[in-house]
Amino acid sequence: MELWQELLRQSIDTAEDFAEVFGVDKDLMRKIIERYPARINPYYLSLIRYKGDPIWLQCFPDIKELEDEAMPEDPLDEDAMSPVPSITHRYPDRVLFLVTSQCSMYCRFCTRKRKVGDSSKINMKFIQDGIEYIRNHPEVRDVILSGGDPLMLTDYMLEKIIKALREIPHVEIIRIGTKMPCVLPQRITENLCNMLKKYHPIYVNTHFNHPWEITPESKRACEMLADAGIPVGNQTVLLRGVNDDPYVMQELMKKLLAIRVRPYYIYQADITRGANHFRTPIKVGIEIMDKLRGHISGLAVPYYVIDAPGGGGKIPILPQYVIAHNENEIIVRNFKYEIYVYPDVKEDEIEEIRYEPKPTAEKRKIIERKKWLVE
Ligand SMILES: *Cc1c(COP(=O)(O)O)cnc(C)c1O
Ligand code: SF4
């Protein structure tokens with residue numbers, strides 16, 4: 001058994017475990033876990049510094065999860081956009097492909113908490129149906145392996161899926177959405193990297209939410225992926241009490257860049273049943289973006305997006321940089337709130353630019369010469 005599998009086996013995941021390790025009420029724990037599974041592996045557990053800290057809040061079952069019954073279970077209408085159970089097809093050219101429902105840690109704020117951990121929801125037949133769907137849809141050029149956490153599969157299973165996808169000519173890129181570099185970095189092994197790099201272009205998007213999650217182990221995992229030629233991006237969820245602070249986010253984004261991970265998205269927390277206590281006002285997200293752009297490397301600045309309820313997809317939200325805009329000029333402000341007037345281009349000038357003038361005799365000669373070169 002590999003180290004990561006051994007660590008998984010030692011996870012705290014039953015009401016008895018929680019009662020024994022933390023001295024919490026067993027029956028209460030059972031009530032929460034029956035509805036929304038919990039798992040804290042020993043590595044992630046070691047990151048907790050005190051009760052109620054930003055790591056604790058992400059992984060420790062909370063009675064509040066059972067209290068909000070008003071929120072929808074499937075806020076993004078993923079099930080409605082599922083032509084087969086393992087596929088969510090929302091955008092024209094790319095699909096989410098759910099290959100497992102298991103995770104090495106069950107995030108209390110997860111958008112898919114209605115589904116994760118329930119192995120009846122995903123099986124081999126579902127995976128085959130997903131591959132078949134992608135094969136029959138030539139418009140799909142980008143496949144995002146998701147779940148659950150795809151890296152819960154063994155290297156052997158994962159390779160079977162990736163190999164099958166690579167054999168489909170219209171699949172150009174394969175992405176893997178995995179929280180492993182953050183929650184169980186021991187999962188990133190030499191063998192895994194050697195396998196993945198046979199199937200380039202492969203991209204990984206991982207999921208760090210707090211600077212304390214960046215450790216020597218997670219650094220090593222991200223660098224191994226980068227060394228295998230895999231660009232690694234990060235998706236953060238904006239969470240109350242965890243990272244709803246511009247300076248925490250600045251530190252997180254800078255630290256990610258330093259371990260060769262490119263910040264990609266900050267998500268507004270979805271309106272998911274059982275996770276409402278993590279939501280923040282939108283203005284908190286806008287304030288964070290305002291303190292990122294211009295203040296830290298542009299490379300470290302992700303997009304802040306809202307996943308529109310009802311399946312509208314991700315919509316970026318920006319601080320207000322435009323103060324006024326008329327046909328002559330645009331008035332903008334920079335990251336220091338200094339105001340600038342920038343002359344705009346008039347519509348009739350645009351018309352002139354838009355209509356290509358007929359090639360002159362000189363230009364025609366050049367075109368002729370190029371034709372000859374090509375032939
Ligand atoms: C997020 C998401 C994608 C990927 O979106 P990008 O903006 O290309 O990263 C694709 N499909 C679904 C259903 C998604 O939720
Ligand atoms: S690892 Fe991802 S899918 Fe699993 S519980 Fe966390 S957010 Fe949800």
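Biologist: What makes α2 oblique to α3?

Modeller: The axes of helix α2 (residues 15–22) and helix α3 (residues 26–35) come within 8 Å and cross at roughly 135 degrees. That makes α2 oblique to α3, since angles under 35 degrees count as roughly parallel, over 145 as roughly antiparallel, 65 to 115 as roughly perpendicular and the rest as oblique. The axes are lines fitted to C-alpha atoms, for helices over the stretch in contact, with angles from 0 to 180 degrees between N-to-C directions. Helices (H or I, at least four residues) and strands (E, at least two) are DSSP runs numbered from the N terminus.

Biologist: On what basis are these values given?

Modeller: This is a predicted model, in which local features need pLDDT of at least 70 and side-chain atom pairs count only at pLDDT 80 or more, while totals for chains, interfaces and linings use all residues. Residues are numbered from 1 along each chain as its sequence is written, chains are lettered from A and ligands numbered from 1 in the order in which they are written, and side-chain values use heavy atoms, leaving out hydrogens and water.

Biologist: Why are α6 and α7 called roughly parallel to each other?

Modeller: Helix α6 (residues 124–135) and helix α7 (residues 155–166) have axes that come within 10 Å and cross at roughly 20 degrees. The two helices are therefore roughly parallel to each other.

Biologist: What is the relation of α11 to α12?

Modeller: Helix α11 (residues 246–258) and helix α12 (residues 282–292) pack at an angle of about 50 degrees, with their axes 9 Å apart. That makes α11 oblique to α12.

Biologist: Which peptide bonds are cis?

Modeller: Among them is the bond from glycine 147 to glycine 148, with omega near 15 degrees; glycine 148 lies in the loop between β3 (142–146) and α7. Another joins histidine 200 and proline 201, where omega is about -5 degrees, and proline 201 is found in the loop between α9 (190–196) and β5 (202–206).

Biologist: Which residues are around ligand 2?

Modeller: They are Cys103, Met105, Tyr106, Cys107, Cys110, Val116, Gly148, Lys179 and His207, where a residue qualifies if one of its heavy atoms lies within 4 Å of the molecule. By class, this shell has 6 nonpolar, 2 polar and 1 charged residues; Ala, Val, Leu, Ile, Met, Phe, Trp, Tyr, Cys and Pro count as nonpolar, Asp, Glu, Lys and Arg as charged, and the others, Gly among them, as polar.
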